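Visitor: Hi, I'd like a quick tour of this protein. Can you show it to me?

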Amino acid sequence: MVRLPFRDTHYDVRPSKIVALAKNYVEHAREMESDVPERPVFFLKPHSALIGPGEPIILPRMSKRVDHEVELAVIIGRRAKRVPEEKAMDYVLGYTILLDITARDLQAEARKKGLPWTVAKGFDTFAPVGPRIVDRRELDISNLEIGLKVNDQIRQLGRTSEMIFKVPELIEYISLIMTLEPGDIISTGTPAGVGPLRHGDKVEAWIEGIGRVEFDVLAEGSILC
Ligand code: MG
């Protein structure tokens, strides 16, 4: 469980599921050599992957290539089942930053074999969040800068206006399939520029209006973990 500042107090981030979008920015779909999807494409990340500020991202031994993906995360505030797009924002509590950490080599293998992405996306520490939750009434998310640096070098820089499927459409579509519970997270996909992380790296991610958050990267076995 991760505790983040919210309004004048804090919020315990305890989702029943993390729904993460694939290919929701055109340039990222291109860099993955994928077509732009006609409908949202999503997968689930386990909540056991969550970490908060101050905790390190651990590179698992099973992977030789672990990538960063900075994403705007939407936190659901009310149970949402078959919610139309026009009412979707009433079901949102707020926003934070989520890094959809991905074992790219294991994902490539899964793609080739037609297997699920669960292994590539699901390791412990593969869903860092922070630095705080912003009330949805206090932030217009339609055109925010979103970016990520590794060791002070900019790797990803985009705008939320480049999303193919916007948040209300995502809520409508996902809630047709699975009920979204309060606390659930929708991670809305990453802009272009994904790249590898190495032991000792410092990752800094930001979204305009939400803030900046930093995580250290460590190889499994380099600390007790
Ligand atoms: Mg992603």
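Predicted model: local features only at pLDDT ≥ 70, side-chain atom pairs only at ≥ 80, totals over all residues.

Guide: Let's start at isoleucine 171. Leaving out residues up to four places away in sequence, isoleucine 171 touches Ile76, Val83, Ala88, Val92, Leu180 and Ile186. Contact means heavy atoms within 4.5 Å.

Visitor: OK. Which residues touch the most other members of the largest nonpolar core?

Guide: Leu99, Ile171 and Ile186 do, in a core of 65 residues. A nonpolar core is a set of buried Ala, Val, Leu, Ile, Met, Phe, Trp, Tyr and Cys residues joined through side-chain atoms within 4.5 Å. Buried means under 20% relative accessible area, exposed over 50%, and partly exposed in between (1.4 Å probe, protein chains only).

Visitor: Which residues are buried in helix 4?

Guide: Helix 4 covers residues 167-177, and its buried residues are Val167, Leu170, Ile171, Tyr173, Ile174 and Ser175. Helices (H or I, at least four residues) and strands (E, at least two) are DSSP runs, numbered from the N terminus.

Visitor: What do those buried residues of helix 4 pack against?

Guide: Five strands: strand 3 (18-22), strand 4 (41-45), strand 8 (70-76), strand 9 (92-99) and strand 14 (185-187).

Visitor: Serine 187 next. Is it buried or exposed?

Guide: Serine 187 is buried, at a relative accessible area of 0%. It is found in strand 14. Its side chain makes a polar contact of 2.7 Å with the side chain of glutamate 71. A polar contact is a pair of N or O atoms within 3.5 Å; within protein, one must be able to donate a hydrogen and the other to accept it, and residues adjacent in sequence count only if both atoms are side-chain atoms.

Visitor: And where is asparagine 24?

Guide: In the loop between strand 3 and helix 1 (26-31). Asparagine 24 counts as buried, at 0% relative accessibility. A polar atom of its side chain lies 2.8 Å from the backbone nitrogen of phenylalanine 165. A side-chain polar atom of asparagine 24 also lies 3.0 Å from the backbone oxygen of threonine 188.

Visitor: New topic. How many salt bridges does the structure hold?

Guide: It holds 18. A salt bridge is a side-chain nitrogen of Lys or Arg within 4 Å of a carboxyl oxygen of Asp or Glu. One of them joins the side chains of arginine 7 and aspartate 135, at 2.9 Å from N to O. Arginine 7 lies in the loop between strand 1 (2-6) and strand 2 (9-13) and aspartate 135 in strand 11 (residues 127-135), so the pair ties together parts that are 128 residues apart in sequence.

Visitor: Is aspartate 135 buried or exposed?

Guide: Buried, with a relative accessible area of 4%.

Visitor: Last one. What is the strand order in the open sheet?

Guide: The order is 6-17-16-12-13, five strands with mixed pairing. Strand 6 (57-59) and strand 13 are the edge strands, each pairing on one side only. Two strands pair if DSSP finds at least two bridges between them. Strand 12 (residues 145-150) and strand 16 run antiparallel, joined by five bridges. There, leucine 148 stands opposite alanine 205 in strand 16.

Notes:
Residues numbered from 1 in each chain as written. Heavy atoms only, no water.
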